[in-house]
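Subject: The two-chain model, with notes

Hi there,

Here is the structure I promised to pass on. Have a look at it first, and then read my notes below.

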Amino acid sequence: MKTLFFAWRYLWSRPLGAALNVLLLSLGLASITFLLLVAHQLSRAFDRDLAGIDVVVGAKGSPMQLILSGVLHIDVPPGNVPLQAVRALEGHPMVARVIPISLGDNFRGYRIVGTSHDYITHYAATVAQGRLWDAPMQVVLGSTTAAKLGAALGNTFVGTHGLGAGGHAHGDSTYTVVGILAPSGSVLDRLILTDTASVWKVHEDFTALDDDDRKAMEEEREVTMALVQYKTPMAALSFPRYVNTSTEMQAAAPALEISRLLHMLGLGTDVLRAFAGVLLLTAALSVFIALWSAVRERRGDLALLRMLGAPPAKVAALLLSEALWLGLLAAALGLLLGQGFAAALGWFLKLDTTLLLGGMVWPVELAVVPALALGVSLGAALLPALGAYRVSVLELLQGR
Amino acid sequence: MIQTSQLSYQYPQGPLLRFPDVDVPQGAVLLLSGPSGCGKSTWLALVAALVAPTAGQITVAGQALDALNSVAADAWRARAIGFLPQKLHLSAALSVYQNLAMAQWAAGQPEDASRIHAALQALGVDDLAPRKPGQLSGGQAQRVALARAVLLQPRVILADEPTASLDDEAAADAVGLLLATAKAQGATLVIATHDARVAVAISPAFDSQMGLKTLHLVRKQL
């Protein structure tokens, strides 16, 4: 303990140099922390929201857009598909379940999703207050949505057109809150769920000029997409091809698209990782130079310790302890900065309410940060510590 | 207390130094004199078991130094030798008290505050304990360094050029302080110096009961 105490005092006898070294090392570690946090949270979000969905069927266009908009709810959908075509899929021998998803409106930025009760069952969500809808224009709020909106059972509201805040209001179509879900940790937490028929009703009321018009629209009803579960894994070989070649729709496999997405993100993270590596290398050099200079400046002090009876290993341990302090301080600061960067990214890109990306998450992978900090600082201290180990008392006596 | 016999030290790719035999009794003073480069520092290093002689034997406080391995030599030095270097090497990062605590740490002993304060008190500088070395005068710093040297009550005090860069009055005070401290501790005192004023300063301050020996080294490469 005394070794650590004396090392601490020696370290802060050069406060500016020590602070700069800690800062430099922490910036590299903060970058690593940020990367680990983003990777962990993205992976968790994908695992959570994509689980059990084998394929998403929707309008032709970008398959990744289909997945992002329909499963993760962070993009706009490529278009709509006929209800009849989706219903036809329910009869396909390889399909176990089809969950319709209808998008188009929001309330204060929270998406209103027309769907079936199966959507709630799929994510194993439970009702915390009230009940599920049993008629159009009744909604069930996700737990985060309810908390953020301060909504309660019986509240009514009017949706606005579009998937982000700022569209025009569907003034005559009022939704009523009949239920609030318990937190499920899934995408449902931040949605407003209603019957698919609600979405048709809102838009038909808004668009239809007369009853004939409304009747025509009822015959041409659409949904945005369908989440499909297979009966057998073998379906993955033939079902997407069937959809893509035999219908006017496209089938997108979440696993494949997310793998593509991660590959694209990987290019960015590789750059950031290389940047962090350069920062860490620079920090290691800086720590090395600082400790090497410390040994040179304090050669006499260190030699005197030998004269006072300290074994060489004890003198070297003093230097290593200074590096240990640098590493520990930098690890703590780096972790906090990294958490701050992740929180800022989540807030800036508004991912804190969609992918649940943010700070103050402590996955076990972050253990690599202090390990890296100590590795870099102690590694950089090895040569200076060896210099301290070999310090010559005879030189001290001879006044050199 | 300090006995050397047939002592020599060969520097790697350097001169071979031979030293006259000495026998300094317990509590005596050895004035080790000679010009720069004559081997005074090497003699101190040999007696402190910091380097091993090329030939010859050294016995200090009954301990034959050639019987000590490096680990045992460090432990023995911590107990037996007190050292006052020419440059005092008080750590600027630590307070006066902490400088002495560090000496205890270096010797592998637990921090003993009462002993630290007693050592400072004996040299009249206990009130300086919280100060940093940078806040001390030259004389105060030398007293603190001497307190550090005698903190563990060594049998031998080695003082290396204790009057260098001091004026006449301060040099006389420094020598007087060393003699008084060594006498109070019952320690053998070795003063290595090329300063002729030290011998002059010793005369009036010297207590004949202590016994004075001199070892004058000359610069001679063999």
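Which residues line the second largest cavity? They are Y10(A), D301(A), L304(A), L305(A) and L308(A), along with H89(B), S91(B), N99(B), M102(B), A103(B) and R148(B).

Before I go on, some housekeeping. This is a predicted model, in which local features need pLDDT of at least 70 and side-chain atom pairs count only at pLDDT 80 or more, while totals for chains, interfaces and linings use all residues. Residues are numbered from 1 along each chain as its sequence is written, chains are lettered from A and ligands numbered from 1 in the order in which they are written, and side-chain values use heavy atoms, with hydrogens and water left out.

**Cavities and the pocket**

The search used a 1 Å grid over the protein atoms alone: a cavity is a set of points where a 1.4 Å probe fits but cannot get out, a pocket is an open set with protein on both sides within 12 Å along at least five of seven lines, and lining residues have an atom within 4 Å of a point. Grid points are joined across faces, edges and corners, and a volume is the space filled by probe spheres set on the points.

Over the whole structure there are 3 cavities of 30 Å³ or more.

The largest cavity comes to about 80 Å³. Residues of both chains line it, including M307(A), L308(A), R77(B) and R148(B). Its lining divides into 8 nonpolar, 1 polar and 2 charged residues.

The largest pocket has a volume of about 510 Å³. Of its 29 lining residues, R306(A), A49(B), L50(B), V51(B) and R77(B) lie nearest the centre. Helix α2(B) gives the most to this lining, with 5 residues, and the lining as a whole holds 18 nonpolar, 4 polar and 7 charged residues.

**Salt bridges**

A salt bridge here is a side-chain nitrogen of Lys or Arg within 4 Å of a carboxyl oxygen of Asp or Glu. R306(A) is buried at 12% relative accessibility, and D74(B) is buried at 4%; buried means under 20% relative accessible area, exposed over 50%, and partly exposed in between, with a 1.4 Å probe and protein chains only.

The count over all chains is 12 salt bridges. One of them pairs D49(A) with R190(A) at 3.6 Å, N to O. D49(A) sits in helix α2 of chain A and R190(A) in the loop between β8 (169-181) and β9 (192-195), so the pair ties together parts that are 141 residues apart in sequence. D49(A) is buried, with a relative accessible area of 0%, and R190(A) is buried at 5%.

Another links E257(A) and R260(A), whose closest N and O atoms are 2.7 Å apart. These residues are 3 apart in helix α10 (residues 254-297) of chain A, separated by about one helical turn. E257(A) is buried at 5%, whereas R260(A) is partly exposed at 42%.

**Two backbone angles**

Most residues other than glycine have a negative phi. Q6(B) has a positive phi of about 55°; this residue is in strand β1 (residues 2-10) of chain B and is exposed, at 59%. A61(B) also has a positive phi, near 50°. A61(B) is in the loop between β5 (55-60) and β6 (63-64) of chain B and is partly exposed, at 26%.

Happy browsing!

Key. Helix = DSSP H or I, 4+ residues; strand = E, 2+ residues; numbered from the N terminus. Nonpolar A, V, L, I, M, F, W, Y, C, P; charged D, E, K, R; others polar.
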